[in-house]
Amino acid sequence: MLVAVTRAVSPTLADCELMHRPRDPINVAGAMAEHACYEEALRSLGATVVNAPPEPALPDAVFVEDTALVLDEVAVLTRPGAPTRRPEVESIARVLSAYKPLLRIEPPGTLDGGDILRVGRTLYVGVSSRTNRAGLSQLQSLLNKWCYEVTPVEVNGCLHLKSAVTQVAEQMLLINASYVRPECFAPMELIEVAPAEPDAANALWVSGEGEASVIYPAHYPQTAERLERAGRRVVAVPSTELAKAEGGVTCCSLLFDAPPSAP
Ligand code: CIR
């Protein structure tokens, strides 16, 4: 069973953290409607959507990806780089404890899930304004026993590693090569974002039981076309209000396999 943990958009979303965008007014009702479409897209691709408890006082709580890394064997609870986001972790821990044993990143480590790109047993981890070297080396020590290899990657000019590069097929990445060095990911096939769409590298690959698809923001049509030309099936979702909070499509869920008997 493919599980997607999501969480409702907080009414306080407009007070979100921002790193690389100016603070544009956010239509929170619009963001909620976008989030409903996103959950529907996940369901249409066979995922079981599990709602984490709402956290109305935590503006960024909808971006659940940053609170945990969920693997087959274990889930690692992160310690988000932005202190305002750390209280998001506990309620996610309660949800994940029904599915996986839990491990944790401890101070002084910081790690945002948005900085982790898993390709097989390689974990590319962005060294960003949110993730530090201590977080990265704790992650490596925690996961050694399952033979995951943590590979640090420098990220510049964007929030997270997955703002710069995401997986869109078994051996294919979507990338903005001005935010991250493409050589880091050899020998995988790379699709470049369209030049007019620098922030278009965040796509959510869903490879469940049905046809593998990519959930993707509708406001990046030129890059969507590139994905389709590369043979990807694109499921477009509206995402302009969530993007004003620097959120992308990977950020709004924790996607993992669980046995059918799981809750
Ligand atoms: C933040 O700055 O933390 C939020 N406003 C956006 C987080 C987006 N998360 C992600 O890309 N994984």
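The structure holds 3 aromatic pairs, where rings of Phe, Tyr and Trp (its six-membered ring) pair if their centres lie within 6.5 Å, and where planes under 30 degrees apart count as stacked, over 60 as edge-to-face and the rest as tilted. One of these is formed by tyrosine 99 and phenylalanine 256, an edge-to-face pair with 5.3 Å from centre to centre and 75° between the planes. This pair links distant parts of the chain, since tyrosine 99 sits in the loop between helix H2 (89-96) and strand S5 (102-104) and phenylalanine 256 in strand S15 (residues 254-257), 157 residues apart. Here helices (H or I, at least four residues) and strands (E, at least two) are DSSP runs, numbered from the N terminus. Tyrosine 99 is buried because its relative accessible area is 15%, and phenylalanine 256 is buried because its own value is 4%; buried means under 20% relative accessible area, exposed over 50%, and partly exposed in between, with a 1.4 Å probe and protein chains only.

Tyrosine 124 and phenylalanine 185 have ring centres 4.8 Å apart and planes at 65°, and therefore their pair is also edge-to-face. It too links distant parts of the chain: tyrosine 124 belongs to strand S7 (residues 122-127), while phenylalanine 185 lies in the loop between strand S10 (172-175) and strand S11 (189-192), 61 residues apart. Both tyrosine 124 and phenylalanine 185 are buried.

Before going further, some words on the basis of these values are in order. This is a predicted model, in which local features need pLDDT of at least 70 and side-chain atom pairs count only at pLDDT 80 or more, whereas totals for chains, interfaces and linings use all residues. Residues are numbered from 1 along each chain as its sequence is written, and side-chain values use heavy atoms, with hydrogens and water left out.

The loop between S10 and S11 also contains proline 182 and proline 187. Proline 182 is partly exposed because its relative accessible area is 24%. Leaving aside its neighbours within four places in sequence, proline 182 is in contact (heavy atoms within 4.5 Å) with Ile175, Ala177 and Leu190. Its C-alpha atom is separated by 9.1 Å from that of valine 165, a residue 17 places away along the chain. Proline 187, for its part, is joined to alanine 186 by a cis peptide bond with omega about 5°.

That bond belongs with several other backbone features of interest. Most residues other than glycine have a negative phi, and most peptide bonds are trans. The peptide bond from proline 107 to proline 108 is likewise cis, with omega near 5°, and proline 108 lies in the loop between S5 and strand S6 (116-119). Cysteine 147, although not a glycine, has a positive phi of about 65°; this residue is found in the loop between helix H3 (133-143) and strand S8 (149-154), and it counts as exposed because its relative accessible area is 60%. Glutamate 246 also has a positive phi, near 65°, without being a glycine. Glutamate 246 occupies the loop between helix H6 (240-244) and S15, where it is buried, with a relative accessible area of 16%.

Not counting residues up to four places away in sequence, proline 25 touches Glu241 and Lys244. Proline 25 and alanine 14 are 11 residues apart in sequence, and their C-alpha atoms are 7.1 Å apart in space.

These details sit within a chain that has 6 helices and 15 strands. A compact globule of 263 residues would have a radius of gyration near 18 Å, and the 17 Å of this chain agrees with that value; the radius is taken over C-alpha atoms, and the globule rule is 2.2 Å times the number of residues to the power 0.38. Along its principal axes, the C-alpha trace spans about 45 × 40 × 40 Å. Buried residues make up 57% of the 263 residues. Among contacts between residues at least 6 apart in sequence, 68% join residues at least 24 apart.
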